[in-house]
Each structure stands twice: as C-alpha cells, then as structure tokens.
Amino acid sequence: MTHDPTDWLCINTIRTLAMDAVEQAHSGHPGAPMALAPVAYQLWQQELRYDPTQPIWPNRDRFVLSNGHASMLLYALLHLAGSRRVTSEYTVEDQVAIALEDIKKFRQLDSSTPGHPEYRWTSGVETTTGPLGQGVANTVGMAIAGRWLAGYFNRPGFELFDYDVWAICGDGDLMEGVASEAASLAGHLKLPNLCWVYDSNRISIDGSTDLAFTEDVGKRFEAYGWRVLHVADANDLDALSQAFRTFKQDRGLPTLIIVTTQIGYGAPKKQGSASAHGEPLGAEEIKGAKRKYGWPEDAQFLVPEGVRERFAQRVGERGRKLRTEWEARFAEYQKKHPELAEHLTRMQKRELPEGWDKELPVFPADAKGVATRESSGKVLNALAKNYPWLVGGSADLNPSTKTFLSFSGAMKPGDQSGRNIHFGVREHAMGSIINGLALSKVRPYSATFLIFSEYERPPIRLSAIMELPAIHIFTHDSIGLGEDGPTHQPVEQLPSLRSIPGLIVLRPGDANEVTEAWKVIAPLRHQPVVLVLTRQAVPTLDRTKYAPASGVAKGAYVLSDSKGTPDVILIGTGSEVSLCLQAQEQLEGQGVKARVVSMPSWELFEQQDEAYREQVLPSSVHARVAVEKASTFGWERFVGLRGAVIGMRSFGASAPLKALQQKFGFTVENVVKVAREVIEQAKK
C-alpha cells in the first residue's frame, strides 16, 4: 500500500474540506466525499488528462461525479487543482473557478458551490448531476462523442481525439433505470473509452441497501458486456492504480470498477451508517474524524502547505504537457487539414458551418400535403449534409419518425464513426445521452413519439437547466394518430413541455413551416428545442395566397388576415392551422371578418417586443379562438377571458381520425360555431 505522506495529506484535505463545508452550511452530504477522497485523488493524480489552466481543452479526459450529492468531493478537487474560470463565450480567465471562500459558502445563494454540481455555473463541472443516474448516462454520450470526434477529425499523424470518460457513481445511480438503459447501450457499442467507478458503500438514506438492493451488480454489468474489476478497499491506493491502469491498457470494452468504501470514513460513531449520508456530522464527530486523520481538531478549511503543490506537480504538469503538445499538433493540423480544423473551431464555439442552409427545401403548394414528420425528414437530411457534426437517432422508431440520415452509416459495436445512433427502446437514456453529446460540442438530436416524452422528460429538463442546444424531435403529436388509442395519444404533453423554462417548443403547421422551424433550430447555441410533428398529412399552404412561412421565427404571425379590423381571431398550431383557414373561409361567406394566426411557438412569440405582439393579437379584439389537439391548459394567456379554446379536456379514444375529430370538436363546423359564440360574448 502506498504511504506517501503528501498523498494522505491531500486525501485528508479533501475529506476535511467536505466535512467543514457541510457543517458550516448546516446542509449537505459529508459521508461520500470522506469515503471517496482516496479514489478521486488517485484517479486525478495518476490518470486524469486535465489541464486546470485550460479546463475546456477539447481532448481532456472528462470526469463526472454522478452521485452529485457528494459535490464537495468535486469542489475540493477543482479548488486544490486551481481549475480556472471559463466565461459563457468559452474564454478562460486567469481566476480560479472555486476559491477557498467559495467552499466556505457551500450551498449558499449565488455561490459557485451549489448543493449539486451545475454545468455552466461552476467551471470544471462537466455536467449537471442532481437526479441520480443522469450523470453516468451523460458519460455514455460523452464517450460516444469522443469516438465520433476521433473518426471525423483524426488523420494519420494527427490523433486529435483519444480522451477517456470517467465517472464516479453510487448505489442510487445504479438503482435508477436510466443508468441501466445507458449501460446496456454502452456495452452493446463496446465503448472502450468509458469507465465507471462504483462507490459500493452499501448504505442508502433509509439504511442498508439490503432493504431494497441485493443484486450482484458486477454480474449485471458483465451481462451488459462490460469488463468488471474489483477493489476491496478504497484506501488501497496501489489497488486503485492497478484498476485504473487495467482500464487504460486493456481496451475493447467499457469498464466498471467496483470499489468497496465506508461512508463517513473516520467518523468515530457514524462511519458506515446512514446518518453519515445526508446531514452534517456535528462538531464532536468531526473532531473525532480529524483525530483519526491526524488533523488539528479545531482547524477549519485548512489546506496545508504542499497540498496545492502536489496537485500542480501531478495532474497540473501532466495536463499542461499533454495540452501544449495537442495545441502544437493542432497548429500543424490547421496547415494540412484547414477545413477540418475550421470545423473543430466552430464546433467548440457552437457555431454553424458555412453554407449550412444552402440545400434546405421549399415545398410547393399541395392541398393533400404531407405529414410534417415526412417534410421534417427531408429537411433534416438536407441540413445534415452541410452540418457535419449533426448526429442523432431514434428510440427504435426511424421508419416512423423519419429521422434516419440516409447518406450516412450507423454507429455499431467498436465503430462509432457513423452519424445515426440506434438507441433502441430507451427513451430516458436517449435524452441523457444526447445531453452528453451536446456537452462534448457535437450537435445531437433524438426522436420518438410525443407521448414518450414522458420517459425523456428528466433529461429534457436538464438540457434546459444546462442551456444545451439539444434537439428533441417528437412525432405522432396528437389524437391524430387514431386507432392506437389514448395510451399513445398525447394530450397534456404540449402544455407540460411549454412549462419548462428555457425550452423552445415548435409545432409547425405545414411543410414550409417545418423548413423555417429548422432554420430557427440550427443556430441555437444555448437553448434546447422540442420539435413536434404530425403523423397524418396536412396541406402544404399556397404562400402566394398566405403570408410567408418565415413568420415562424417570431413564434406567431398573421397567416391570413381579414379586410379591416377582424371580428374574431382564430389561432392554430400544427395540423389545426389548416382547420382554422377552412373556418375563416366559411365565416367570411357569412359576413364575419376573421384573422388566422399561426402560432408554432409560444416561447418565440413571447420573446418579441410588445409592438409586434400587439400587431398579431390586437388587444382591441376580444373574440379569439385557439384550436389545438392538446390540453387547453395555458391558452387563456392568448385568448383572454372572453375567448375560447377548442382542445382536449379528456384523454383520447381508439378510432379512425375522422371519428375522433368529430367526437372532440375538431371540425370546420364547430370552429365556426365557437367563433360566432365568442363574437357575441365579446359584445356584452
């Protein structure tokens, strides 16, 4: 066993910083950092390729603390390594990301040390890890991205990408289904650059994991196709190093290292107990632990001499050497492969390539039309040809979602150079994996039916929190899918997704609105988007008769206006836009002046200035009808107290589309009837 005094001084510094920070905050999780300090320290010092002075170096190893409640472990590492702060524009400042004062403000308002690690909030944090299982699932995306980047950019003599992805996870991570989904796909793909280190402390909040979690995790992962290694004692630095080296040297499979730990290591009464998990230890218990470590009992937030220097000598010097060598190699690469070098530079800043939109289709007017999933498939393929790092796939639904890139191959075991990912029926992991891809600066998309956004919702929410430009495509968007019935017919999903802060939801009304929607999506750098598409055909509108589809960029626009001030405004989204146009025609035949507004995105419309919003929805016109095959929830903000919403107030039913439209009121006759009613109501 290694007994270098400075090693143990560093390890115990991590432990005591975690204890002191949690105690001062009166909140947090001290036990896991105390147990994992030697594991994380040895990984960082012996293996991690990371330059603290350039924490966004593209070929750095990724380190993810998936059991994010142990956040003080990561904060202590970043502080002791002197990791630098990065701005929102991807420039590195000569200022540490986490100073000692930040650790003293653990879990306080506006601190850079929040309760769980947050990407874009604290530099050096590779992903936001709060909900258990998400972090490890993200690492599968990061590992896929590393392999794809190597396939796209590496050339003979120029190995630009060969990074590894490391994660520390706990029992809770491996209980969550999303981790199982992600691990299954990683094993199938044989990702050789992925290593999860499992903190097996056998303790959960309720008590021993024997209460609910007694499976053989190692055998499960072997069944997934992973290599499984064991370290019997987290304090055995030599055994840890051997396990890490085995992963590095024996490539071909993802690796799980199961490390037996003791939660709250060193605490005289709470070591190995549930009480060491999620609450401060208390002053006396902390003093006892510090005695165990040979630490001054009354010292708080102590970083002894030699600790920061050791981090600088090991992870710092190794990372700086590898990074400067990489930069010199990239300088030569720019001369020999200028186009690829430009692509890499644009990727790192989330910028689009030149000419990305030059082949996007314009669709001719067609009364029969096409399903928006069909037109989106055509636009996606045209876009992807000129957007080389646009990569994605579906949850075993390519024939239905139309999201397969026909000109590219698929990722397969041992070869992740293709641009199509077969996620299998794993929606939850799919969303988390595309977040990992986005964190690696690949531009990712995923696809499934709108009803299954329920399974993907946690990573969608996290993509909004992290401000990632992930693209979530959902087809089969309403009761319009017909006979499959209410289990497959989304009703409440649209308003639910619209409620997520920072997420843009787009439901285009015809093929040309689809093209314009993709023009909105492609340039996004810090916003995720949900693109909602129909299964059934919708008319492709005659844009010589109606307003240009470019109005999509503003979220809502006057598609067809009345002569003079309208008596009523009809607002539609998606497949209901053409229904509103038909109703407008009938109303005009009855002498009623109707305006039709297409509103593919609430969020984009609300970003417009007041003058534009007033122009589209004049406050003087109280008679308004919104028409959408979804829950009516939320539409009152646009129709007002005197308006009406034709929408879903129940779940759907199993029947052909025409029967469902009749039953739930999505007919021209009903829209006309409701429009006349709101006109009368507005007069009162």
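Where is the place of Asp510: in which loop, between which strand and which helix? Hi everyone, let's start there, keeping in mind that this is a predicted model. Asp510 sits in the loop that runs between strand E15 (504-506) and helix H18 (511-521).

So, is Asp510 buried or exposed? With a relative accessible area of 0%, Asp510 counts as buried, because the cut-off for buried is under 20%. If you look at its surroundings, and leave aside neighbours within four places in sequence, Asp510 is in contact with Thr372, Val538, Pro539, Thr540, Leu541 and Arg543.

Now let's turn to a pair of helices. Helix H7 (residues 177-189) packs against helix H15 (residues 427-439) at an angle of about 75°, and their axes are 8 Å apart. The two helices, H7 and H15, are therefore roughly perpendicular to each other. On the H7 side you'll find Val178, Glu181, Ala182 and Leu185, and these meet Glu427, His428, Ala429, Ser432 and Ile433 in H15. By type, the residues of this contact between H7 and H15 divide into five nonpolar, two polar and two charged.

Last stop, a pair of strands. Strand E21 (residues 624-631) and E22 run parallel, and four bridges join them. Why is strand E22 (residues 644-648) described as largely enclosed by the rest of the structure? Because five of the five residues of E22 are buried.

Thanks, everyone, and happy to take questions!

How values were computed: Residues are numbered from 1 along each chain as its sequence is written. This is a predicted model: local features need pLDDT of at least 70, side-chain atom pairs count only at pLDDT 80 or more; totals for chains, interfaces and linings use all residues. Side-chain values use heavy atoms; hydrogens and water are left out. Buried means under 20% relative accessible area, exposed over 50%, partly exposed in between (1.4 Å probe, protein chains only). Two strands pair if DSSP finds at least two bridges between them. Axes are lines fitted to C-alpha atoms, for helices over the stretch in contact, and angles run from 0 to 180 degrees between N-to-C directions. Angles under 35 degrees count as roughly parallel, over 145 as roughly antiparallel, 65 to 115 as roughly perpendicular and the rest as oblique. Contact means heavy atoms within 4.5 Å. Ala, Val, Leu, Ile, Met, Phe, Trp, Tyr, Cys and Pro count as nonpolar, Asp, Glu, Lys and Arg as charged, and the others, Gly among them, as polar.
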